[in-house]
Amino acid sequence: MVKVAVMGYGTVGSGVVEVLCRNAELIENRAGTAVEVKYILDIRSFPGDPHEDKVIHDFEIILQDPEIRVICETMGGIEPALTFSRRALAAGKSVCTSNKELVASHGAELIALAEENRCNYLFEASVGGGIPIIRPLNTALTAEKILEITGILNGTTNYILSKMEKEGAKFEEVLKKAQEKGYAERNPQADVEGYDACRKIAILASLMSGKTVDCRDIYTEGITGITPEDFAYAKALGMAIRLLAVCKAEPDGYMAAVSPCMLSEDNPLSGIHNVFNAVFVCGNMVGETMYYGRGAGKLPTASAVVADVIDCVKHQGTHIWCLWDREKIALKDFGQVTGRFFVRTAVSDEAAVEELFGTVEKIRLPECPREFGFVTGEMTQDAFARKAEKLPGFLSRIRLKD
Ligand code: NDP
Ligand code: HSE
């Protein structure tokens, strides 16, 4: 029998307890021993909850209890999650987490600490909710040089964009629904401004490169500027709008970015709706692979945390290999990254558009009589910004996924 503690009894933490209870028998078979929750650490008490008797408020109880071999950190945020994780790992207790903010900022340090203490710091749930993506990168794809990872990595924003696209729903109303469903971050700005997707691509980029990719170096743009008119233009072009997180290994270095993109309806990522996420991984030998599933929510995320718990139980006293060095890599200057852009501008800009962008096909929508849209040729981000500045009636732009 292995006893575990769950820190943070919210959406994910309560799901972890539920998965461990409901699937107890098969988890015992797969872990080779029974796995039981002994403590649930939270700030609040939960009167009437079936696990009320396990709720504690003092981390020291978990730390000092030699029976606790594995801890699930589902509190979120940097502190006190970082201090608790460091102390647990230093004491040889494995930690399984869904906390991508902490993994993105301190992943390399915590993995090294786990290795020193012959235990594990596992974080499958930190990217893509219930989708297996960390484990494939660390096991099945280890023979590959990973050339590209492109993903829809945030369930809340994909839910919002899907509802705006298919039902003409209003941004604020759908965000509220996503919060009610437990998809959103405590501060939903992290979702809608792209920071959450940025943390996730930083984690994947770090695993891809084996070094540390710092979130602060990743160009990040959220979905707050996307309007119903943008969806109308996208439809006219046979495209969808998705928040994409990208990391590419290019001959002159790694590039990474998060931004809303228009992508052709032929691109499989355009068919990812609602809370679902998908991650496309391209290796130099295997070619294209793709991983799909629920990117947020209680049970899908909890399932990934519990899979990590089972791995920790099966590997007691040994460290599971994970290459993520603390050395930081410098990303390519995003201003020099090339791409194409969909642009909306005032009708009065027609001549200026021809002069700056050459001959372009104009897209006109009856519901937007004072403007038109067009797609540019390939150019750097900096070159596009200089041209857009010269359009007096410039309204907006969305990047095109090539
Ligand atoms: P919740 O806010 O629902 O749960 C967090 C819980 O931890 C709350 O009960 C909170 O208490 C408690 N808590 C906070 N600080 C402390 C502390 N110092 N000591 C003890 N308990 C504490 O968040 P989620 O479950 O949604 O998310 C948890 C983590 O998982 C986050 O890092 C999130 O980004 C990540 N995640 C979430 C997913 C989702 O779908 N929700 C999916 C994948 C990852 P109180 O409410 O009183 O503050
Ligand atoms: N807020 C996150 C999302 C939770 O919507 O994707 C899953 O990481």
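Domain bounds, as used in these legends, come from an automatic or database domain assignment. The structure is a predicted model, in which local features need pLDDT of at least 70 and side-chain atom pairs count only at pLDDT 80 or more, while totals for chains, interfaces and linings use all residues. Residues are numbered from 1 along each chain as its sequence is written, chains are lettered from A and ligands numbered from 1 in the order in which they are written, and side-chain values use heavy atoms, with hydrogens and water left out.

**View 1. The domains of the chain.** The chain is divided into domain 1 (2–129 + 298–314), domain 2 (137–294) and domain 3 (336–401). The centres of domain 1 and domain 2, taken over C-alpha atoms, are 27 Å apart. Twelve residues from domain 1 and 13 residues from domain 2 take part in the contact, where contact means heavy atoms within 4.5 Å.

**View 2. The shell around ligand 1.** Domain 1 (2–129 + 298–314) and domain 2 (137–294) each give at least three residues to the shell around ligand 1. Of the 23 residues around this ligand, those that come nearest are Asp42, Ser98, Lys100, Glu185 and Gly297, a residue being counted if one of its heavy atoms lies within 4 Å. By class, the shell holds eight nonpolar, ten polar and five charged residues; Ala, Val, Leu, Ile, Met, Phe, Trp, Tyr, Cys and Pro count as nonpolar, Asp, Glu, Lys and Arg as charged, and the others, Gly among them, as polar.

**View 3. Backbone atoms beside ligand 1.** Polar contacts here are pairs of N or O atoms within 3.5 Å. An oxygen atom of ligand 1 lies 2.9 Å from a polar backbone atom of Thr11, and an oxygen atom of the ligand is 2.8 Å from a polar backbone atom of Val12. A nitrogen atom of ligand 1 is 2.9 Å from a backbone N or O atom of Gly182. On its own the ligand has 890 Å² of accessible area, of which the protein covers 84%, as found by the Shrake-Rupley method with a 1.4 Å probe.

**View 4. The surroundings of ligand 2.** Among the residues that surround ligand 2 are Asn154, Thr156, Asp191 and Lys200. An N or O atom in the side chain of Lys100 is 2.4 Å from an oxygen atom of ligand 2. A backbone N or O atom of Tyr183 lies 2.7 Å from a nitrogen atom of the ligand. Taken alone, ligand 2 exposes 250 Å², and the protein buries 94% of that.

Note on methods: A polar contact is a pair of N or O atoms within 3.5 Å; within protein, one must be able to donate a hydrogen and the other to accept it, and residues adjacent in sequence count only if both atoms are side-chain atoms.
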